[in-house]
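This report covers aromatic ring pairs and disulfide bonding in one protein model. The sequence and structure are shown first.

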Amino acid sequence: QVDLMESGGGSVRAGESLRLSCVASEHVMRQKGFDLAWFRQPPTKELEGVAAILNDGRDDSAVYADFVKGRFTISKDTSNNTLSLQMDNLEPGDTALYYCAAVKKSGNWFTAVNYVYWGQGTQVTVSS
């Protein structure tokens, strides 16, 4: 069993920032080869990958969806078992329920079914 708990969502205006956090078990955060990601589900749409930290067994690398490049930053802090998503210059199109996901079985990073564990989600609402 892996527990993931998101926090940090809220309602902001366009151009403002939010920082999402996901606390995970130490095992998940420190295990080599475990990938960690943020997904979101906008109203009436499917889950979409936002960003991920991929571990090849030695090194971490961050990847982003094109629609958040230059605005969002994903990071991992193993000292407190936290995966974060810094979201700057938010747009109304970023309104969604944001989820933390862990442990990608195989396949590409931006496909939800490839992940084993999920948090409950945190709502982000951006008004114009």
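## Aromatic pairs

Searching the whole structure, which is a predicted model, gives five aromatic pairs. Phe 39 and Tyr 115 form an edge-to-face pair, because their planes meet at 75°, with the ring centres 5.3 Å apart; the cut-off for this class is over 60 degrees. Phe 39 belongs to strand β4 (residues 36-41) and Tyr 115 to strand β10 (residues 115-118), so this contact ties together parts that are 76 residues apart in sequence. Both Phe 39 and Tyr 115 are buried.

Trp 109 and Phe 110 make another edge-to-face pair, at 5.7 Å centre to centre and 90° between the planes. Trp 109 has a relative accessible area of 12% and is therefore buried. Phe 110, at 45% relative accessibility, is partly exposed.

## Ring cluster

Phe 39 and Tyr 115 also belong to a cluster linked by ring pairs.

## Disulfide

How many disulfides does the structure hold? There is one disulfide, and it joins Cys 22 to Cys 100 with an S to S distance of 2.1 Å. The angle about the S-S bond is -75°, and the link of Cys 22 and Cys 100 is left-handed.

Cys 22 sits in strand β3 (residues 18-24) and Cys 100 in strand β9 (residues 96-104). The two cysteines are 78 residues apart, and the pair links distant parts of the chain. Cys 22 and Cys 100 are both buried.

Key. Residues are numbered from 1 along each chain as its sequence is written. This is a predicted model: local features need pLDDT of at least 70, side-chain atom pairs count only at pLDDT 80 or more; totals for chains, interfaces and linings use all residues. Side-chain values use heavy atoms; hydrogens and water are left out. Rings of Phe, Tyr and Trp (its six-membered ring) pair if their centres lie within 6.5 Å; planes under 30 degrees apart count as stacked, over 60 as edge-to-face and the rest as tilted. Helices (H or I, at least four residues) and strands (E, at least two) are DSSP runs, numbered from the N terminus. Buried means under 20% relative accessible area, exposed over 50%, partly exposed in between (1.4 Å probe, protein chains only). A disulfide is a pair of cysteine sulfur atoms within 2.5 Å.
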